[in-house]
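Please prepare a careful briefing on the strand pairing, charged contacts and aromatic contacts of the structure shown below.

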Amino acid sequence: MAKFEIYKDKKGEFRFRLKAGNGQNILASEGYAAKSGCTNGIESVRKNSTDDSRYERLQSKNSSPYFNLKAGNNQIIGTSEMYSSTSSMENGITSVKNNAPNVMLIIN
């Protein structure tokens with residue numbers, strides 16, 4: 001079962017990641033100063049994840065496909081891992097669309 005995890009990074013900022021049922025990271029957030037900002041980010045992912053127009057499909061400098069999920073104000077709320085192919089990236093987007101709206105939250 002997929003889940004959101006909230007954790008503190010090395011700088012002491014709160015971050016979340018959406019993990020697939022197999023434990024693979026699907027989406028990761030920016031750093032937030034407060035846990036409340038982080039949980040608001042998760043709610044924004046839940047709200048925007050089903051809208052395909054919110055996904056920005058990109059390629060890294062070494063041509064690895066990845067995506068950003070954006071809120072209605074065009075701010076990035078999550079970034080995917082790098083994928084080996086466009087079809088794998090599209091599967092990642094589908095996984096976010098299917099899982100994010102209803103997954104449980106785990107706070108580490």
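Which residue in strand 6 does Asn68 stand opposite? Asn68 stands opposite Thr79 in strand 6. This is a predicted model, in which local features need pLDDT of at least 70 and side-chain atom pairs count only at pLDDT 80 or more, whereas totals for chains, interfaces and linings use all residues. Residues are numbered from 1 along each chain as its sequence is written, and side-chain values use heavy atoms, with hydrogens and water left out.

**Strand pairing**

- Helices (H or I, at least four residues) and strands (E, at least two) are DSSP runs numbered from the N terminus, and two strands pair if DSSP finds at least two bridges between them.
- Strand 5 (residues 65-70) pairs with strand 6 (residues 76-79) in the antiparallel sense, over three bridges.

**Salt bridges**

- With a salt bridge taken as a side-chain nitrogen of Lys or Arg within 4 Å of a carboxyl oxygen of Asp or Glu, the count comes to eleven.
- Glu56 forms a salt bridge with Lys70, their closest N and O atoms being 3.5 Å apart; Glu56 lies in strand 4 (residues 55-59) and Lys70 in strand 5, so the pair ties together parts that are 14 residues apart in sequence.
- On the scale where buried means under 20% relative accessible area, exposed over 50% and partly exposed in between (1.4 Å probe, protein chains only), Glu56 is partly exposed at 27%, while Lys70 is buried at 16%.
- Lys3 forms a salt bridge with Glu5, with the closest N and O atoms 3.8 Å apart, and a network of salt bridges links Lys3, Glu5, Arg17 and Lys19.

**Aromatic contacts**

- Rings of Phe, Tyr and Trp (its six-membered ring) pair if their centres lie within 6.5 Å, and planes under 30 degrees apart count as stacked, over 60 as edge-to-face and the rest as tilted; by this rule there are four aromatic pairs.
- Phe16 and Tyr32 form a stacked pair, 6.4 Å centre to centre with 20° between the planes, and the pair links distant parts of the chain, 16 residues apart.
- Both Phe16 and Tyr32 are buried, and together with Phe4 they form one aromatic cluster.
- Tyr55 and Phe67 form an edge-to-face pair, 5.7 Å centre to centre with 65° between the planes; Tyr55 lies in strand 4 and Phe67 in strand 5, so this pair ties together parts that are twelve residues apart in sequence.
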